[in-house]
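Please keep the sequence and the structure in view while reading.

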Amino acid sequence: MKSFYFLLFCCGLFFIQKAKAQNVQNDTARVNKFITAPLDEVLDYLTANYQVKFMFDREEMHKINVSDHFFHDQVKEVIVQICKFNGIYYSKQPDGVYFILRKPDDIARVRRMAALAAQSNSSGGLSLRVKEELLRSKSSGKPVRTNFSLTGRVTDYITGESLSSASVKINGTAITAITNVDGYFNLQNVPADTCALLVTYSGYQASVERLTSERSEKTLVINLLPADNALNEVVINGKKDGVINTDTRKVSMIQLTPSKIAELPNIGERDILRAFQLMPGVSGSNESSSGAYVRGGTPDQNLVLFDGFTVYQVDHLYGFYSAFNVNAVKDVQLYKGGFSAKFGGRLSSVTDISGKEGNKKAASFGVDLSLLSLNLYGETPVNDKSSLLFSLRRSYQGPLYNKIFNKLNNTTTNTGGGMGGGPGGGMANNQTQVSSWFYDLNGKYTYTADDKNIFSLSFYSGKDNLDNSHDLGIPAALSSTLNSSSITDLTNYGNVGSSAKWSRRWTDKLYSNTLVSFSNYFSDRDRSTSSSITDTTGTTAAVNSGTFEKNNLKDYSAKSDWEWNISNHGKISFGGFASIQDIRYSYAQSDTAFLINQHNRGLSIGGYAELEQNFGGLRVQPGLRFTHYDITGKNYVEPRFSASYALNDRLMLKLATGRFYQFSNRVIREDITSGSKDFWVLANGSSIPVGSAMHYILGTSYEVDKYLFSVEAYYKKLSGLTEYSLRQSGSGEPMGPNASVTLEENFYNGEGYAKGIEFMAQKKVGKYTGWVSYTLAEAYNKFDVYGTDYFPASQDVRHEFKSINIYHEGRWTLSATWIYASGRPYTAPVGSYTIERVGAGTKTYFVISGKNTERLKAYHRLDAAVTYDLIKTNSKKIGTIGFSLFNMYNRSNTWYREYSIQGNQVISTDVNYLGFTPNITLSLKW
């Protein structure tokens with residue numbers, strides 16, 4: 001109900017803002033005239049007589065003749081009629097200026113014309129070729145200011161949102177700055193106030209900004225226009241404009257462009273975390289998890305931040321969707337290893353997600369509709385200093401939904417040979433049928449008090465209901481005694497998170513972000529079994545057993561991050577943090593007797609400092625992180641270091657190393673009868689040690705305007721790994737009516753390593769873009785309980801090849817991806833045996849294979865998608881229609897195997913991933 005009122009409130013604001021926007025027009029004057037003239041002269045006439053401003057390519061528009069009689073038509077209606085009749089387009093900008101375009105892609109060049117016209121106090125249309133030459137020419141005026149400091153902010157031209165990680169370079173020099181999380185940058189020792197700035201950002205059109213003495217004396221605001229597939233734009237200095245891009249000067253860092261995710265094939269939703277799975281080093285064969293398996297690590301070893309708070313549950317519906325609505329996301333960066341001292345608490349990687357701030361200029365909203373889910377979103381300015389954003393997503397059940405989950409497995413029966421060729425009698429396989437749903441809600445309010453202070457509130461709530469209940473198949477040999485057997489497997493889980501942030505620009509060189517946050521992960525699971533058995537006397541009895549698990553984690557955190565720009569070539573980052581984690585875990589029998597009831601609470605507090613310094617072609621980034629963990633009472637020091645060296649403007653060498661600790665872990669419980677299960681616990685320094693990792697990374701890249709080739713090798717040494725099991729003892733049948741059962745918890749500690757090498761070749765720009773990659777890797781663990789030898793970790797994938805292909809043609813985008821991965825290891829019962837117990841009847845036991853000595857078959861699939869952009873005559877993109885084909889050749893890829901014993905028989909259930917799955921998606925926005 002609270003979510004409904006919140007949605008109702010947001011919609012009310014939208015209608016108010018829409019009404020306001022409709023009253024602010026300068027193009028409603030009436031035209032009553034017969035006009036016959038070239039189009040450029042018509043536009044000049046409208047400007048002179050009705051004060052409506054236009055920007056256009058005069059040479060192009062002069063070729064179009066207009067001959068029409070307008071009877072009291074509004075100016076804006078005249079523009080629409082002319083454009084429709086002549087097959088051209090217009091685009092009205094937030095400042096009221098009309099761009100007249102031959103085709104929508106021309107908006108990039110016309111906008112650059114408008115930027116130059118604004119600097120020279122001119123208006124109207126000029127020759128586009130002349131404009132391009134002017135943009136590249138040097139200023140003829142004499143500078144008024146020299147060797148000064150320039151502060152500015154880069155924002156989205158349409159929405160006014162800040163753009164972080166944008167590059168701002170003084171043309172013709174090596175002086176460059178990168179915008180911070182709120183879009184601010186600082187350039188020192190600017191040679192003159194007549195310089196030109198080259199501004200680039202992934203997913204946006206590059207902009208050239210000419211300084212003047214007036215502009216250089218105040219905070220410079222630079223607006224970038226979204227790319228919208230403007231392929232005729234000039235490629236500047238190898239600017240990357242793809243779905244996923246890499247910064248060659250940074251080690252193991254990937255940046256995602258959320259607005260372009262629709263170009264990739266998908267199961268039913270644009271998905272930011274699944275997009276990362278197409279990159280080398282991130283496993284792409286785990287359909288059941290949107291969580292990142294990065295370089296042999298597990299998803300819990302990947303720190304996921306959304307607007308500063310930690311998200312512990314990152315996927316929906318068995319991993320088919322990520323928990324993050326792309327309509328609420330502005331920027332995503334993945335650090336695959338060797339990451340900054342700013343981040344901590346995880347062993348493997350970091351995914352840093354920044355949410356949208358909301359449109360600061362005009363109200364807008366939209367809807368995404370697929371055969372699997374409905375997605376509503378909107379954003380609006382509340383007043384001239386604040387904005388609001390919301391998004392609501394809900395899955396629903398329909399024909400395609402039923403088909404997907406009915407195809408999780410093909411029902412089969414196996415009645416001989418045992419599992420994996422091992423001993424044992426016949427086995428039965430059966431299909432798992434699933435009924436599930438999810439929802440998530442995002443909201444964000446941003447208040448810009450002045451040019452120095454920004455305040456924001458961000459909220460997220462998501463929940464899944466997973467019903468994996470099913471009947472077990474009964475082999476013919478057992479049908480006379482075993483009448484029926486069914487498993488109830490019902491899970492509710494989710495994540496609630498919120499943060500409040502204050503961003504402050506203290507001086508041109510000093511900036512801070514202070515944040516308090518809360519995150520709550522919860523998981524409730526009901527797993528019970530019901531069977532009907534007829535004995536030799538003909539008596540039928542019902543046998544019921546069950547377990548109930550609950551896991552709840554609450555995280556209260558605060559942190560303050562500071563940046564001090566000491567020069568154009570150096571920056572010092574420092575800050576402090578504190579986090580209280582409260583974790584509960586319970587394990588109950590038949591919902592009455594709590595066999596395990598844990599409650600742990602821990603405080604971690606500390607700080608960090610880091611220097612980022614450039615010495616010509618050499619960039620170094622040493623850092624140090626310090627954490628005190630109150631449960632162990634120990635201090636943990638994490639030195640970090642990364643460096644890159646440009647041999648020339650194309651070839652780059654880079655390396656990184658560092659120590660990393662993890663204090664909260666998602667412990668794996670190896671349960672071969674029902675797949676591995678896991679839950680969150682806090683390290684206690686004894687049975688659950690603090691996890692530790694050392695990273696060593698070495699790589700090189702070769703980049704030209706259109707292509708990028710990269711190779712990175714890594715080695716990770718891990719210690720303090722933990723697995724978990726329950727030992728059951730007592731009399732009577734387990735969970736039976738006369739049972740007296742106790743459970744003993746066992747935490748097994750071990751170590752491991754992961755190593756590999758990644759190759760990638762990428763085409764960055766043009767009608768055809770994409771990449772191919774190959775990863776050769778190993779991930780091995782060693783636990784004393786399993787012996788003295790290393791064994792393959794459950795996430796070990798030796799070979800992985802990926803091919804991603806995207807082709808643009810006008811409004812059409814075609815894409816295809818192919819993934820191949822060698823099989824993952826697992827532990828399996830290879831048979832069973834029965835023991836006659838004196839006075840206690842018989843009991844059947846599994847014969848177990850060695851730890852992870854079995855492997856699933858190789859994984860591969862082909863996906864494809866076609867997307868068509870919906871563009872109105874006013875050049876505004878109002879949506880897309882997409883058609884996606886998942887697993888085109890219907891490959892049967894195994895998810896996991898499930899086992900149980902019935903009547904001396906090992907019964908296995910193979911749960912498969914999705915087969916061939918088509919989907920259609922309609923996205924509209926206003």
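Among contacts in the chain between residues at least 6 apart in sequence, those joining residues at least 24 apart make up 66%. The model is predicted, and its chain contains 9 helices and 52 strands.

**The chain as a whole**
- Of the 926 residues in the chain, 57% are buried.
- The chain exposes about 37400 Å², and carbon and sulfur atoms supply 55% of that area.

**The second largest cavity**
- The count of cavities of 30 Å³ or more comes to 13, and the second largest cavity holds about 500 Å³ of space.
- This second largest cavity is lined by 32 residues, and those lying nearest its centre are Thr-310, Gly-344, Ser-557, Ser-579 and Arg-625.
- Among the elements that give two or more residues to this lining are strand E28 (510-534), strand E29 (540-567), strand E30 (570-589) and strand E31 (593-615).
- Sorted by class, the lining of the second largest cavity has 13 nonpolar, 13 polar and 6 charged residues.

**The residue Lys-53**
- Lys-53 is placed in the loop between helix H2 (39-50) and strand E2 (54-55).
- Lys-53 counts as exposed because its relative accessibility is 51%, and the cut-off for exposed is over 50%.
- Leaving aside residues up to four places away in sequence, Lys-53 touches Thr-47, Gly-96, Val-97 and Tyr-98.
- From C-alpha to C-alpha, Lys-53 and Lys-92 are 9.9 Å apart in space, while in sequence they are 39 residues apart.

Methods:
Residues numbered from 1 in each chain as written. Predicted model: local features only at pLDDT ≥ 70, side-chain atom pairs only at ≥ 80, totals over all residues. Heavy atoms only, no water. 1 Å grid on protein atoms, 1.4 Å probe; cavity = no way out; pocket = protein on both sides within 12 Å on 5 of 7 lines; lining within 4 Å. Points joined across faces, edges and corners; volume = space filled by probe spheres on them. Helix = DSSP H or I, 4+ residues; strand = E, 2+ residues; numbered from the N terminus. Nonpolar A, V, L, I, M, F, W, Y, C, P; charged D, E, K, R; others polar. Buried < 20%, exposed > 50% of the residue type's maximum accessible area, 1.4 Å probe, protein only. Contact = heavy atoms within 4.5 Å. Areas by Shrake-Rupley, 256 points an atom, 1.4 Å probe, with all protein chains shown as cover.
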